[in-house]
Amino acid sequence: MKDFAVGKTDGSRTALAAATLPKSSLQRATSLLYRVIERRNTIPILSYLRVEIGKKSVTLDGTDLDCELTIEVEAETQGAATFMLSHRILHGLAANAAGPITVSLHGEPGARTIRLSDGETEITLNDHMPAEDYPVQPKRDVVPAFTLSQDEAARLLRLTRHCISTEETRYYLNGVFLTNHPEDGTVRAVATDGHRLACIDTSVAADLSGLGRETRPGLIVQRKTVEILASLFGKGGNEPAQFAMAPTFLELRCGPITLRSKTIDGTYPDYTRVIPSPSSNMVAHLSGAGVKRMAAMTDAISGDRSVVARLDLEAGKMTVASSYAGEGAKASIPLQGNRAEGCNHTSLGFNIRYLNAQGAVTPNFTLSTASPGDPARIVSDETNALWVIMPARL
């Protein structure tokens, strides 16, 4: 730090403000901000971070106009300043730095430069982007809704993300619906793409009264924000995840990190209507590893991503076949399952891609349904977690 002392009259080395940040902290911060900032922008300032050097910390802000991420990093600082810095350059240096990174601002207004150094590599940039032009999210009156541990918050997202729709026509399905259990009032996360559904509960009470909705209160958190949230929560993280809400707006505070995001302005459908009642008529026990092998075999024998896997409970096999009838290619693995007494149906059909996605989040799961034409319930070792998958015609 002594080379960048504030007020040091060493020609071009004079610094108006300077900060030295630990390499690991800056690497994590710029990696998280990487998920917010769009790679290609028609608005140049959206490719930049707002850097604020304060007392014993540096605050980094990045936005894509819909979502804003603020991260405070502990640092050795001298002086105070706010300026814009290319995220691409800072992220690149942090990822390859030899040691702690020093960021310093030099010069006079209108002719200032920014210097970055890891003790070996030094980068000099013109301070040409006015910090006043940074598009700050407008202040919103958010109301605290619930607080989760990082592990619980990560669990909610991990178990629902694969069911988010990617079809833009039903935009209100392009995210995770954060709501409450209609009877217990506890935090619930729901996602569906119309073919499968995830409904994950917690034991944490949720207060969604601030949203002003009595029927199915909650927010639809857009897919990109879900991915950012999922990357924020570290395994065993100590800081709680505090969620606050306003109509069509979500704010998360977790230690030195604050995320503010617009949510999807729409009405989430009544997902409870498609959750079938439990049935033991037809039951199949599946492993994620086995389904993954079948998905790989499906790719080998057929280029069709919508191949239906036949779950033959009578023969005890899961089978996929090539969509090219002339080849006659088939692949199968053993299947554990059973039928209730009096059930005349022997086989079930499901899209192998959906089964594979389920197996990726639940290593072992049990699928049950009343008949081959009814939606199937999926449960696993995960408590308070339920999935629904629609059948496919055999």
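Modeller: The largest cavity holds about 70 Å³ of space. This is a predicted model, in which local features need pLDDT of at least 70 and side-chain atom pairs count only at pLDDT 80 or more, while totals for chains, interfaces and linings use all residues. Residues are numbered from 1 along each chain as its sequence is written, and side-chain values use heavy atoms, with hydrogens and water left out. A cavity here is a set of points, on a 1 Å grid over the protein atoms alone, where a 1.4 Å probe fits but cannot get out; its volume is the space filled by probe spheres set on the points, which are joined across faces, edges and corners. Over the whole structure, the search finds five cavities of 30 Å³ or more.

The lining of the largest cavity (residues with an atom within 4 Å of a point) consists of Phe 146, Leu 148, Ala 153, Leu 156, Leu 157, Val 176, Leu 178, Val 221, Val 226, Leu 229, Phe 233 and Phe 243. Two or more of the lining residues come from each of strand 10 (143-148), helix 3 (150-158), strand 11 (175-180) and helix 4 (223-232). These elements are DSSP runs numbered from the N terminus: helices are H or I with at least four residues, strands E with at least two. Helix 3 contributes the most, with three residues. By class, the lining has twelve nonpolar, no polar and no charged residues, where Ala, Val, Leu, Ile, Met, Phe, Trp, Tyr, Cys and Pro count as nonpolar, Asp, Glu, Lys and Arg as charged, and the others, Gly among them, as polar.

Key:
1 Å grid on protein atoms, 1.4 Å probe; cavity = no way out; pocket = protein on both sides within 12 Å on 5 of 7 lines; lining within 4 Å.
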